[in-house]
Amino acid sequence: MRAASLEPDVISYNSGISACEKGEQWQCALSLLGEMWSIKLEPDVSDDC
């Protein structure tokens with residue numbers, strides 16, 4: 001996201017992580033989560049399981 005000069009927010013990261021989950025790309029989801037933490041965004045946790 002940052003490489004595309006977009007200002008990331010919790011919603012955009014959650015969407016990306018959700019897409020990774022649906023595509024069974026857990027490594028990508030973890031990468032996005034780590035990126036969130038590195039830019040000091042707090043993950044939003046839902047209990048929709």
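**Stop one: the whole chain**

In the protein chain you'll find 2 helices and 0 strands; helices (H or I, at least four residues) and strands (E, at least two) are DSSP runs, numbered from the N terminus. Before you click further: this is a predicted model, where local features need pLDDT of at least 70, side-chain atom pairs count only at pLDDT 80 or more, and totals for chains, interfaces and linings use all residues. Residues are numbered from 1 along each chain as its sequence is written, and side-chain values use heavy atoms, with hydrogens and water left out.

Of the 49 residues in the protein chain, 14% are buried, meaning under 20% relative accessible area, while exposed means over 50% and partly exposed is in between (1.4 Å probe, protein chains only).

**Stop two: α1**

Select 10-22, which is α1. The end C-alpha atoms of α1 are 18 Å apart, which agrees with the 18 Å its 13 residues should span at 1.5 Å a residue (the expected span is 1.5 Å times one less than the number of residues).

Show side chains for Y13, G16 and C20: these are buried in α1. They sit on the same side of α1 because they cover an arc of only 60° around the axis, taking the arc from the directions from the helix axis to the C-beta atoms. What covers the buried residues of α1? α2 is included in that cover.

Just past the end of α1, click E24: its phi is positive, about 55°.

**Stop three: the core**

Select Y13, C20, A29, L32 and M36, the 5 residues of the largest nonpolar core. Such a core is a set of buried Ala, Val, Leu, Ile, Met, Phe, Trp, Tyr and Cys residues joined through side-chain atoms within 4.5 Å. α1 and α2 (26-38) each supply at least two of its residues, and the largest share, 3 residues, comes from α2.

Zoom in on A29. Neighbours within four places in sequence aside, A29 is in contact with I17 and C20 (contact means heavy atoms within 4.5 Å).

**Last stop: the annotated span**

The end C-alpha atoms of residues 9-43 lie 10 Å apart, and the span is 74% helix and 0% strand.
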